[in-house]
Amino acid sequence: MAKLTRTTHPAPVFPEKILQFGTGVLLRGLPDYLIQKANNEGRFEGSIVVVKSTDGQTDEFSEQENLYTVAVRGVQQGQDISENTIVSAISRVLAAQTQWGEILKLARNPKLQIIISNTTEIGLNYLEESIFQHPPKSFPAKLTAFLYERFRSVGGSKAKGLVVIPTELVTDNGLILRDAVEQLAQFNELGKLFTKWLKFHVRFCNSLVDRIVTRPTDSARQMLQAETGYEDDLITFTEPYHLWAIEGDDRVRQTLSFAGLSTPQIIIDEDINFYRERKLRVLNGTHTLTMPLGYLLGLETVADEMLHLTMSKFVESLMINEIVPTVPDYGIPGMDKAAVTQFAYDVLDRFRNPHLDHLLLNISLQQTAKMQARNVATLQRYYEQTNAVPKLMALGFAAYLLFMKVVREENGQFFGEIALASGGKISYPIRDDKAGYFYGDWKTVKDRAPATVQAFVKSVLSDVKLWKADLTALPGFTDVVAQNLNSLLTVGVVKTLEGAVE
């Protein structure tokens with residue numbers, strides 16, 4: 001069987017208009033997919049240069065001449081959807097570690113209009129460093145170096161300004177990235193003229209992406225390859241639902257010509273807060289609060305959670321009864337509580353999609369940062385509305401603490417363990433910048449000593465650096481989390497969960 005390439009599937013090559021930081025499946029399955037659709041319809045006719053920062057390997061793209069398939073599977077409005085789209089919008093994939101000079105050269109391209117990014121939640125954090133390294137370490141420093149090279153080549157031209165759209169799931173992601181770039185410009189003494197150009201001619205847009213995108217299992221890949229008749233190591237599976245909300249004005253609308261009447265999934269508005277809050281709290285917040293419990297039960301995917309009778313009750317009750325009521329109501333049709341509730345039931349249907357292998361371990365990446373960004377405000381709002389402990393959120397938080405129980409470290413990688421019913425144990429990676437923090441704190445917890453569990457929970461919840469708030473100030477929350485954690489440790493996950501949803 002031949003591999004998918006531009007020889008087997010000829011595709012037009014358009015001018016490079018977009019620089020994209022990130023090669024992950026979310027970018028491939030949403031922004032890049034939508035840009036491909038626009039190219040197919042003759043509405044954009046631009047290509048994307050992708051920067052890979054994590055390592056220097058780009059072979060998986062080069063071997064397929066940057067083509068890949070997006071396979072859409074699921075149910076939408078009662079209709080089964082099965083669609084395969086070959087995405088040819090990516091022109092090149094460059095490795096930051098070895099091709100930084102080539103990336104900076106792109107800054108001088110007069111046709112470049114847009115920069116897109118998707119790093120982890122912590123990827124937008126400011127790091128004080130020189131932007132003149134090859135390459136700089138952090139994403140904001142890489143972006144600053146690129147923008148400075150752009151400024152030097154265009155002489156501060158308004159016409160050669162750029163629209164920057166971070167898609168990280170962080171509140172005000174555009175504003176946070178702009179602030180980091182401005183700080184780096186000051187630290188690196190890049191001058192007032194560059195700062196002025198940044199302020200007036202580089203538009204940083206807050207944005208929100210909403211689509212569940214996964215890598216297929218080996219069996220799913222083989223089935224699709226048999227269907228299409230070609231090999232594709234970059235096959236991306238996704239659901240029919242998709243939304244990209246971008247905060248912007250007329251200039252942004254004009255630049256993002258891939259958006260239009262035929263793409264209602266792309267919303268460009270001066271205020272996207274409703275869409276962001278709805279998705280961040282209901283979908284992402286539920287993922288973060290339920291993933292640890294599902295994984296500790298021995299489940300592997302979100303669909304597995306929804307097939308598990310007790311776990312599915314927990315997921316639905318948590319979402320509908322504790323999270324949905326806290327999402328702000330704008331009081332206008334389409335942005336009111338009814339819209340939030342309908343979105344929640346749609347999300348539950350999306351979670352049940354059997355075609356997507358949405359691995360719980362993938363959701364666990366940087367779990368602590370996600371917990372803070374997605375659920376702390378939800379907790380606070382729940383207390384404001386009810387002045388009561390959200391019992392299911394408290395159990396989800398306790399399960400998160402147990403998931404973060406590091407039992408060993410190997411070469412800087414931290415691991416947790418799950419006890420099997422057969423008596424054995426399996427280990428799992430804890431891919432979280434705070435894993436070392438929990439490795440130390442968990443050592444204070446003694447077997448069957450509730451007082452040490454209580455002290456541990458109180459110590460973690462009171463850490464303002466972690467949560468940007470003192471969660472022990474929420475009446476009763478510390479006690480309920482500690483009770484749940486003690487139950488998980490003593491009677492086990494199954495009985496604790498059953499007791500919570502009965």
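Entry 1: I began with Phe-274, which counts as buried at 2% relative accessibility. The model is a predicted one, so I treat every value here as computed from it. I noted ring centres 5.7 Å apart and planes at 65 degrees; planes over 60 degrees apart count as edge-to-face, so the pair of Phe-274 and Tyr-330 is edge-to-face. Tyr-330 itself is partly exposed, with a relative accessible area of 31%.

Entry 2: Is Phe-438 buried or exposed? Phe-438 is buried, at 0% relative accessibility, while Tyr-437 is partly exposed at 25%. Both belong to a cluster linked by ring pairs, together with Phe-397, Tyr-400, Trp-467 and Phe-477. The count of aromatic pairs in the model comes to 22.

**Entry 3: charges over rings.** I found the charged end of Lys-443 over the ring of Tyr-439, 4.4 Å from its centre. The charged end of Arg-28 sits over the ring of Tyr-68, 5.5 Å from the ring centre.

**Entry 4: helix H16.** Two of the cluster residues, Phe-397 and Tyr-400, are among the buried residues of H16, so I looked at this helix (residues 391-403) next. How many residues of H16 are buried? Twelve of the 13 are, so the helix is largely enclosed by the rest of the structure. Among them I listed Leu-392, Met-393, Gly-396 and Phe-403.

Entry 5: Most residues other than glycine have a negative phi, and most peptide bonds are trans, so I went looking for exceptions. Asn-387 has a positive phi of about 55 degrees; it lies in the loop between helix H15 (367-386) and H16 and counts as exposed at 61% relative accessibility. Lys-468 has a positive phi of about 60 degrees. I placed Lys-468 in the loop between helix H19 (464-467) and helix H20 (477-490), where it is exposed with a relative accessible area of 68%. I also noted a cis peptide bond joining His-134 and Pro-135, with omega about -5 degrees. Pro-135 is in the loop between strand E6 (114-117) and helix H5 (139-154).

Entry 6: Thr-310 is in helix H12 (residues 309-323) and counts as buried at 17% relative accessibility. What does Thr-310 touch, leaving out residues up to four places away in sequence? I found Leu-497, Glu-498 and Val-501. The C-alpha atoms of Thr-310 and Gly-499 are separated by 9.9 Å, although the two are 189 residues apart along the chain.

**Entry 7: a three-stranded sheet.** Last, I traced an open sheet with the order E14-E15-E16 and antiparallel pairing. E14 (408-410) and E16 (425-429) stand at the edges with a single partner strand each, so one side of each has no neighbour in the sheet. Neighbouring strands here are turned by 35 degrees against each other on average, direction ignored. Three bridges join E14 to E15 (residues 413-419), and Arg-408 stands opposite Phe-415 in E15.

Technical notes: Residues numbered from 1 in each chain as written. Predicted model: local features only at pLDDT ≥ 70, side-chain atom pairs only at ≥ 80, totals over all residues. Heavy atoms only, no water. Pairing = 2+ DSSP bridges. Helix = DSSP H or I, 4+ residues; strand = E, 2+ residues; numbered from the N terminus. Axes fitted to C-alpha atoms, helices over the stretch in contact; angles between N-to-C directions. Buried < 20%, exposed > 50% of the residue type's maximum accessible area, 1.4 Å probe, protein only. Contact = heavy atoms within 4.5 Å. Phe/Tyr/Trp six-rings, centres within 6.5 Å; stacked < 30°, edge-to-face > 60°. Lys NZ or Arg CZ within 6 Å of the ring centre and 35° of its normal. Expected span 1.5 Å × (residues − 1).
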